[in-house]
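Please read the points below with the model open beside you. They are meant for a first look, one topic at a time.

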Amino acid sequence: MTPFYVIAIGALCTLGIYSILYRENPVFRFFEHVFIGVAAGYGFYFIITNVLHPLWWTPLVREGKWYWAFPFLIGAMFYLIYSRRLVWMARLVMVSFMGLFAGSQFKGFITGYVPWIRSSFQPVLGPKPPYVQFTNLAMFITLITVMSYFFFSISHKNRTVTGSARVGRWLLMLAFGAIFGSTVMGRMALFIDRVAFLLFDFLRLPR
Amino acid sequence: MTPVSGERARHLIYALLGLGTAAGLLIHVRQPVVVTPPTRSLRDSIQALPRNKLVILSIGWDVGTRGENGPQTEALIEDFFRSKIKFAIFSFASPPGPTMAEQIADRLARKHHKTYGEDWVNWGYRTGGVPMLMGLAKNIPRIVPQDLYHTPISKIPVMRGIRDVHDIAMVIEITGSASLDPWVGFWQGVYGTKLGYAPTGVMVPEAFPYLHAGQITGLQKGLVGAAEYERLVGVRGDATRRMTALSYDHVLVIALIILGNWLAIRAARRRQEPEGQAP
Amino acid sequence: MWAPVHGWSLLGYVAASVAAWVALFYILHRLPLRHKRILIAACTFLAGLFYTLEFFLPAHSRWLFFWGKHENPLSPLVGPLGDAVSVIYGFTIALGIISLASVHGKAIARRRSGWHNSVAFFAALVSMIVFGLWQSYVPDDPHRATWIFRASTVHRIYDVLFDGMYQPLGATVFSVLAFYIASAAYRAFRVRSGEAALMMAAAVVMMLSQVPVGQWLTHTLHGPWANLRVEVVANWLLTTLSSSALTGVGLGIAVGGLAMALRIWLGLERGSFFEAGGPK
Amino acid sequence: MKTEHANWFETLLWFVVSAIIVLAILTARRGRTLYIRPIPGLAAIDEAVGRATEMGRPMLFTFGLAGIDIVSMQALAVLSHIARIAARLGNRLIVPLADVPLYTLTEEVMREAWAAEGKQDAFRSDDIRFLSDQQFAYAAGVIGLLNREQVASAFYFGYFYAESLLLAESGQQVGAIQVAGTPATTQIPFFIVASDYTIIGDEYYAASAYLSREPTLLGSLVGQDIGKGILIFLIVLGTIFALLHGFFPRALPHNWLADLLGGAS
């Protein structure tokens, strides 16, 4: 079981952060700095134990794969941004990373979005029950009108495009409203959990 | 701008939310919980499990989403203890997850007079992602040589005869992040293992395709899903107890929207009147 | 050459790699600016080419990969490259710590208002790193160590830092969203236009569908009317309208991202950063 | 390790869309004038910078949790535009970051923006700071900055998760003019309710074209429109096939377009 002093410190941190709800104040500022401190420390610790130790130290030193020295050298080049004369080397690494991400974006385009196109192929009329047809038709119209809203270079004097884009925007707003509403439960549940922690774990009130 | 605006309105809203939620946790108003089909089919498929096999309770959450996933876990463990289903707590996605689930199991075990090692086991967190899960299907003792308390698996009674995926009756993923796919791809898809799913409310829409495709046998939809499940089990657990506060919070937000609009309309009318009289 | 080496020869290989690397960059550094620009453009293109070729060339082909098992030779490199990228990223973490330390160090040195918060920052940072690494790497020796250096003590301190501070702080900041959702709903959901009204209506239906009270409101609807129960309508909104609208938005974003990636890859992006090869 | 590969049709689709975009860029560089529809949120950026300067209060720009990727490249282009105006008007622009490599890149872009306006000496390297790579520690830090610095304008461009509303609502509380744009579609509703202007969907990728009026970027936008047209055409065609398949299951036993698009092997 969690010892009480850990719970008490947790409760203190909880209340310290909630003090922002009144207004920004020295207590919040203190806990904000503590949080950034422990988070940076945890990030550092996590990278050592979960990335650098298993993925770099082990292959290089334990398994003797000497070429793992190169990732270190490349990583070290990032530190040259502070040198005016050698900064171009840091840039070289950065742009290579950008190139790498650009290349993986092409893969993402096909593997991430082509299945969406495929799954939009639904019969909008036919032998299926009317409820399913209505749903399919609604999906089709939503998809096409929303996409038409995002045409930038076609002058919106074109009647068809204007009308379609306006319907698209309405449907978009409906979708955004639904997303907003659907996240409420999760956020409220989190807050309820914090209150339950304060009431039942810290103050030890009967449940 | 509305008449009640700025900092004072904000403080009032925050106080209503904070104090109301606390009150909702302390004072229980009985809520009419309506059980929806996905929850019912999850419970039915759990009830139909053979009792000589193990259920894996996969914990994909940490304190960030404990508000929803915690009560979901509690409802499931409650059902397991009552139905005499043996289970293993496990995680491949959240390092602190198994410890947090263990606290829940521990608390319920005292109520039901269950013993660790005989009625459940905690495999702890294992790194290695998908390749590890693939290995787990083939040889459980190799991936999990010891439990959370560093006891060798061979010395734990409930693990007797548990060798591979065929000794696992079902896997239930309880999660606040996208950690269902590895089970679907490498357990359910390959061995036909039954899968249950308990995601947070935000992730529910993405879960329906899996349900329709039969990849998961049932679904607990966030905190409400946990309350529905508790109703099926016939217990008033954390989820049910939190329904009062949750309903209050939702009704409060809806009431705030209505109030905001009403005040805005009134303010707009007032502004128009003097303008009409001015020269 | 790629075989594993151990002991002194490992040290020798690593030293030679470092020397070669430094020498290479010494030579490159002497290149005129124009050539450096070409070098940078070439590196961008080559880096992008790797994933592109790996993905668009097939897994097996008899005539493209005419040697060996006719397999795509780039595919086995994807895993190690991913590891290497994580490692390179991992090495940059100290830069982040340097940035934080410089801001907070200056605050303490100049006794800026709130400098004691910066002290708290350093205390939290250092203790998290020390106790985190200690509990992972320093083996316990219960016989020799005094109680303060025992593993159980270190674990307890780590638990205070992780379970007592890091986790509750994160969960609490996350849960502040509950308050912000309430104040945003009060302020922003105004029926100013048809659009705003639609957004608000959808949000309210969703919220009702998620609580027992809302579900209870319409639970008496039966037969064909059961399709109008609030949770059914909400689910339909979310899985039909919302998901197709997001698909539409997503496909637009996909093309936009593709265009951006192309411009970077082919060096068509104009902008101060992307063309420059050094200080002007 | 087994990896995915594109099939021939997917490769063709990528190639055609890419070729059209590149061709459109090249055509535009030759000097064709191009129309682009107004995007209100982007027009507000210059106004927001101006207002902050008038009030004598700083501005804040954040990338969210993004690292170096395509999303941040676009955000960097927007940042570079804002930084140029800020440097010209002599206002501060605070950029808190959640990713170290992106932090180095940002430092570079900002330094150059100030240099381009001939104000190297006014550049404050401390205003670009790495905060945390942990989501909510980062959010707490930005909330603190928004309040303490009494930020007058805030810009949210990049990839956001649950912290979107935490940041935007805090900015709203200190009375900042806020402009937000993100390809993270599920976070757009929160920006809509809490900020003054929200750039929706792939308006995000139109931002740099709109701000710079650079022919390359405008041409790219035209190419993107044609690319989207091709996707719409595919969707309509696939739906027609699905329809025919429903009515005449014998003559059309399966939707071959779906087969072509599903075959990543």
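1. Among the contacts in chain C between residues at least 6 apart in sequence, 31% join residues at least 24 apart, where two residues are in contact if their C-beta atoms, placed from the backbone, lie within 7 Å. This is a predicted model, in which local features need pLDDT of at least 70 and side-chain atom pairs count only at pLDDT 80 or more, while totals for chains, interfaces and linings use all residues. Residues are numbered from 1 along each chain as its sequence is written, and chains are lettered from A and ligands numbered from 1 in the order in which they are written.

2. Chain C holds 10 helices and 0 strands, helices being DSSP runs of H or I with at least four residues and strands runs of E with at least two, numbered from the N terminus.

3. The radius of gyration of chain C, taken over C-alpha atoms, is 30 Å, whereas a compact globule of 280 residues would have one near 19 Å, by the rule of 2.2 Å times the number of residues to the power 0.38. Along the principal axes, the C-alpha atoms of chain C fill a box of roughly 80 × 70 × 50 Å.
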